[in-house]
Amino acid sequence: MFLYYCDLAWRSIKKTPMLSLLMVLAISIGIGITITTLNVYKTMSYNPAGDRNDQVNSIQLWSQGLDTWDEFNTNMTFTDVSNLRNNNELAIKAASYRTGLAMQSDDETKAPVLRSVRVTDTDFFTIFDVPFLFGNRWNKSVDLQPAYQVVIGEQINNTFFDGKNSVGKTIYLNRKPYQVVGVIKDWNPKPKYYDPTNGAFNDAEHIFIPFSLSEQEEFDVWGNTSGWRFEPMLSYQDRLRSEKTWIQFWTLLETTEEKNQLQSWLTRYVEQQRSFGRFTDTAKTPAESAQISPVDKLLEDNNAVPSDNKILVGLSVLFLIVCLVNILGLLLTKFLKRAPEVGVRRAIGASRGQIFAQYMVEVGMIGFIGGIVGLLWAWGTLTLLHAEFNVDPSVTGLDSSMWFVTPLIAISTAALAGVYPAWVVCRTKPSVYLKAQ
Amino acid sequence: MLSMKNISKVFKTDLVETHALREFNLNVAEGEFVAVTGPSGSGKTTFLNIAGLLEGFTEGEYCLDGVNVSNLSDNKSAQIRNEKIGFIFQGFNLIPDLNLAENVEVPLRYRGVKSSERKRRVEAALEQVGLAARMKHLPTQLSGGQQQRVAIARALAGEPRFLLADEPTGNLDSLMARQVMELLENINQSGTTIIMVTHDAELARRAQRNIQIVDGQVCDFSMYQKADHSVVAELKKVADQKQAAELNQIVSGA
Ligand SMILES: Nc1ncnc2c1ncn2[C@@H]1O[C@H](COP(=O)(O)OP(=O)(O)OP(=O)(O)O)[C@@H](O)[C@H]1O
Ligand SMILES: [Mg+2]
């Protein structure tokens with residue numbers, strides 16, 4: 001019976017090509033716009049930590065003075081990070097910031113390149129579950145005793161080592177030799193949740209070096225540095241001793257017990273620092289001066305998804321409703337014109353339900369075609385956004401789930417518009433249209 | 001087969017109430033061929049629609065095939081229409097987008113008959129009306145008489161026990177009308193009960209039984225028909241007078 005309805009629907013669609021085209025156009029444009037905004041919203045609001053969200057936590061401290069910032073700063077001072085790195089209660093932890101270095105290899109045919117580099121601890125790879133292609137992360141002892149070791153990304157390995165296992169080989173960063181200990185697979189989480197303050201949709205770095213080298217190598221900071229009071233910064237040591245914040249700190253907490261333990265450690269820490277004359281904002285209690293943020297909270301606090309985006313989704317849904325009302329009108333006209341045929345079918349023995357089903361299948365088919373066309377619109381718009389307005393491809397890439405979601409939304413939208421017309425037409429009294437033709 | 005007792009049907013609109021049928025009584029036996037005649041507006045179509053469960057009625061009792069069908073649900077009457085009743089309309093009422101075979105197949109689709117069985121029955125029905133060769137044609141490519149034969153084939157395909165025809169020859173010339181009539185006679189011979197409304201006295205006479213509907217009521221002349229034509233004429237005159245009187249009353253009343 002379903003196939004029979006499909007056949008009838010297809011004939012009916014073909015019979016009034018202009019009207020069908022109008023309806024498909026109306027649905028597809030509504031769907032296209034909705035899917036475009038929904039897609040951008042979805043990729044932006046994606047949580048790359050997935051079900052590890054509650055375990056992956058970053059720490060923020062209220063180290064600023066009275067009447068300065070009214071929010072926690074995502075980053076921390078070098079002093080606090082150093083103290084946290086020395087906290088042995090915390091098993092898995094990583095400080096991290098971005099720098100940029102010139103890179104070369106022994107192969108002189110390969111031109112040197114300037115690359116962003118992530119300076120971090122070896123637990124970074126554990127906390128963010130970074131997949132390795134060759135070798136491994138550097139040894140934990142390197143976080144205490146600096147060594148010139150490096151983990152590189154697949155792309156760099158392809159460029160400089162032709163994709164072969166480069167573990168044990170040497171690369172040069174700002175002319176210093178570093179030994180490759182591991183090569184990670186392509187890894188580019190969106191949003192870039194381990195450092196959302198530096199453009200939440202920027203690409204991940206492809207070079208990782210030990211944080212313990214910071215003091216002796218004095219790496220530039222390619223990220224945000226914020227301060228709340230005047231501090232002269234004549235040397236790198238000035239930066240390290242300052243109250244400026246520029247380092248992210250992450251840890252892996254398996255249980256709420258571990259979380260509580262860390263929270264009370266932080267409270268004690270703030271109390272201790274106050275006795276040294278830091279953490280001068282006494283409007284906050286020591287307990288309030290430390291915050292442990294799981295990934296979702298951190299992304300939200302950093303406005304990874306701009307609120308404009310939500311408004312845009314709302315507007316496009318409104319637009320879809322306008323399209324829906326239009327389609328409803330068109331369907332009503334179209335179906336009522338077919339009332340005589342319905343009268344005949346009813347007289348011959350079709351039940352109301354069967355007539356209703358027939359017309360709903362037609363509506364669903366229009367919706368389905370509209371959905372497919374809408375998907376093409378969305379794809380076109382996103383490509384345009386990427387090509388003409390330089391919007392990041394990670395935001396404009398059509399999420400694979402959209403290929404299922406779109407026809408589904410389209411069919412339900414059409415069905416919503418079609419229920420009333422189909423209901424009206426299925427209630428046609430069979431006797432009325434039989435007399436005259 | 002069909003038994004109507006004291007059926008009345010009132011159409012109410014904002015302005016007037018029309019008594020299309022009043023205290024309508026009729027029994028039709030299995031296998032009969034009944035021709036229904038009567039003046040325009042007397043209630044013939046209304047009767048046929050009620051008989052075919054296309055419309056409900058205001059009062060009375062209606063038994064079809066031994067089953068009381070006075071107050072059936074919409075679904076149930078659709079099912080009975082589909083299984084027991086075949087319709088032939090004055091306007092043919094074929095579905096213009098479907099070719100002949102597809103038109104004839106419609107009642108079988110709703111009955112859920114399997115594809116192979118459907119094909120067989122459609123071919124047989126079109127064969128019976130002499131149009132098997134034109135299965136793939138669209139209704140508009142046929143003459144009026146041919147279209148009516150397709151409509152008959154459609155009614156036949158469902159193998160109904162009971163065939164209702166409302167002026168099936170009304171739009172046809174007399175030659176075509178006779179062909180259609182012969183077809184209906186053949187169908188009746190194979191056991192199908194037929195009720196046919198017609199304005200054509202000659203065709204009506206060919207039926208086994210004639211009833212006349214006047215002013216929403218049955219005047220069964222069949223028992224007189226062969227005996228005494230003058231009585232029939234007299235009765236008809238009375239009926240016409242009654243109608244005229246009523247008309248007068250309405251006019252003067254208004
Ligand atoms: N849907 C309706 N609403 C109101 N009145 C109606 C309706 N259908 C029929 N009638 C009235 O009922 C009466 C009987 O109509 P019906 O169609 O049964 O006549 P008929 O005998 O078939 O006439 P004809 O020979 O012209 O086809 C008429 O007076 C008509 O105006
Ligand atoms: Mg009539």
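The points below go from the model itself to the ligand site, and then to chain A.

1. Ground rules. This is a predicted model, in which local features need pLDDT of at least 70, side-chain atom pairs count only at pLDDT 80 or more, and totals for chains, interfaces and linings use all residues. Residues are numbered from 1 along each chain as its sequence is written, chains are lettered from A and ligands numbered from 1 in the order in which they are written, and side-chain values use heavy atoms, with hydrogens and water left out.

2. Confidence. The model scores ipTM 0.85 and pTM 0.72. Chain B has a mean pLDDT (the predictor's confidence in each residue, from 0 to 100) of 88, with 93% of its residues at 70 or more. Within chain B, strand β8 (residues 193-197) is highest with a mean of 95, while helix α8 (residues 222-225) is lowest at 52. Helices (H or I, at least four residues) and strands (E, at least two) are DSSP runs, numbered from the N terminus.

3. Who surrounds ligand 1? Residues from both chains A and B do, so the site is shared between them. The shell has 14 residues, and B:Ser40, B:Gly41, B:Lys44, B:Thr45 and B:Thr46 come nearest; a residue is near if one of its heavy atoms lies within 4 Å. By type, the shell holds three nonpolar, eight polar and three charged residues. Here Ala, Val, Leu, Ile, Met, Phe, Trp, Tyr, Cys and Pro count as nonpolar, Asp, Glu, Lys and Arg as charged, and the others, Gly among them, as polar.

4. Polar contacts (pairs of N or O atoms within 3.5 Å). B:Thr45 places a polar side-chain atom 2.6 Å from an oxygen atom of ligand 1. Polar backbone atoms also take part: one of B:Gly43 is 3.0 Å from a ligand oxygen, and one of B:Ser42 is 3.3 Å from a ligand oxygen. The protein covers 66% of the 630 Å² of accessible area that ligand 1 has on its own, by the Shrake-Rupley method with a 1.4 Å probe. In chain B, β2 (17-28) and α1 (44-51) are the elements that give two or more residues to the shell, and α1(B) supplies the largest share, three residues.

5. Layout of chain A. An automatic or database assignment sets the domain bounds: domain 1 is 2-45 + 306-436, and domain 2 is 50-301. Their C-alpha centres lie 49 Å apart.

6. UniProt annotations. An unreviewed entry lists residues 21-41, 311-336, 356-380 and 400-425 of chain A as "transmembrane region"; such annotations may be inferred rather than shown by experiment. In the model, residues 21-41 of chain A are 100% helix, with end C-alpha atoms 29 Å apart. Residues 356-380 of chain A are also 100% helix, and their end C-alpha atoms are 36 Å apart.

7. Two backbone spots to check by eye. Most residues other than glycine have a negative phi, and most peptide bonds are trans. The bond from A:Lys190 to A:Pro191 is cis, with omega near -10 degrees, and A:Pro191 sits in the loop between β7 (176-184) and β8 (207-210) of chain A. A:Asp67 has a positive phi of about 55 degrees, in the loop between β1 (56-61) and α3 (78-85) of chain A.

How values were computed: Polar contact = N/O pair within 3.5 Å; in protein donor to acceptor, adjacent residues only side chain to side chain.
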